[in-house]
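Hi everyone, thanks for making time this morning. Let's have a look at this one together.

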Amino acid sequence: MSMVTLKDVAKVAGVSYATVSRALSGSSEIGEETRRRILKLCEEMGYTPNAVARSMVMKRTNIIGLIVASIDNPFMSELTTHIEIYARRCGYNLMVCNSSYDTELEKEVFSLLLGRQVDGIILLPVGNESYDSLKSLTAQVPTVFISENMQDLPETYVAVDNRQGTFAATEYLYSLGHRKILYFGCRSHSVTHRLRLEGYEQACKQLGLVPEVLYSPYARSSQEAGYRLASEYMQGDLRHTAMVCASDSLAIGVMQAAYEFGIAIPDGLSLVGFDNISFAGLPPINLTTIDQPKQRMANAAVDMLLEQIKHPEMPNSNVIVPPSLVLRGSCREVRE
């Protein structure tokens, strides 16, 4: 079985190869009736344009590469969906690769996408070390980083204001009467987590609270990591009335552990997550959280990348998107 070619269509249509090519390109050199007949025949025969040959002529593939640290991370998978939808609307297809939080694999798939001659790459990096390890590769293709606040690094990126998010979460818990608020699940090697920790600590300082942090030894901020860390914590005295969790997945892990230890949410412990993943609002979870506007971040990343593709010499830029507090049922008012 072989693919249908332009020559096959031309033979059936009884016209030249050049006539079929002109019909597909919208050339004014052939009549409208002939064009419609050829296009209909292409559809009936299942003709698919040769994208590789077209890209060689146009010097563009109309394909964007996307590298995510973990496609099974709910936040990243939702972001991927928004990027794919918006990129397609802009006339680009998306090729997705998963780096599995491995910097060597991240370099490998980046090189793979370069070999596929993608027009640009959007990257959700493994971590801060990604910027240096990929420097020789990002210099070869328009690249936009997303979800890591790169601060002063000379790259184009989109990020949420992580400090503002945890500041708002801590301030909200304080307004409910909580004075013993734990920051839960910080990964010290993550730039994102450090920024979120800074927002929590800034709020504590302003509100006159003593900041307390439970660091995570796990490589990912998964539900399993939250469950394990919370199970260890709950074996001791439960000194805190509330937690600001570094992610929604961690918060849901805390809920799982709390259920097993007989600690009611929110009566025994109030929780605020971060990300507003899709199932955080399901009735059994009903998690108060900090929303990262994923669609807005995805659209901004695609827009910035397409601008780089059109204007390769344009300077680096960044977009910091404000988060928002989403109130649900995982927090309660307390008065000491």
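Helix H10, residues 191–207, lies across strands E6 (181–186), E7 and E9, and runs at about 175° to E6. Contact here is heavy atoms within 4.5 Å, while axes are lines fitted to C-alpha atoms, for helices over the stretch in contact, with angles from 0 to 180 degrees between N-to-C directions. Helices (H or I, at least four residues) and strands (E, at least two) are DSSP runs, numbered from the N terminus.

A quick word on the basis: this is a predicted model, where local features need pLDDT of at least 70, side-chain atom pairs count only at pLDDT 80 or more, and totals for chains, interfaces and linings use all residues. Residues are numbered from 1 along each chain as its sequence is written, and side-chain values use heavy atoms, without hydrogens and water.

Now, the sheet. What is the order of its six strands? The open sheet reads E7-E6-E8-E9-E10-E12, with mixed pairing; two strands pair if DSSP finds at least two bridges between them. At the edges sit E7 (212–215) and E12 (324–326), each pairing on one side only. Strands E9 (270–275) and E10 (288–291) run parallel, joined by four bridges, and Gly273 has Thr289 in E10 as its bridge partner.

Next, helix H11, residues 223–234. Its buried residues (under 20% relative accessible area, 1.4 Å probe, protein chains only) include Tyr227, Leu229 and Tyr233. The buried residues of H11 pack against E6, E7, strand E8 (242–245) and helix H12 (248–260).

Stepping back, the chain has 13 helices and twelve strands, and its C-alpha trace spans about 85 × 40 × 30 Å along the principal axes.

Notes:
Expected span 1.5 Å × (residues − 1). Buried < 20%, exposed > 50% of the residue type's maximum accessible area, 1.4 Å probe, protein only.
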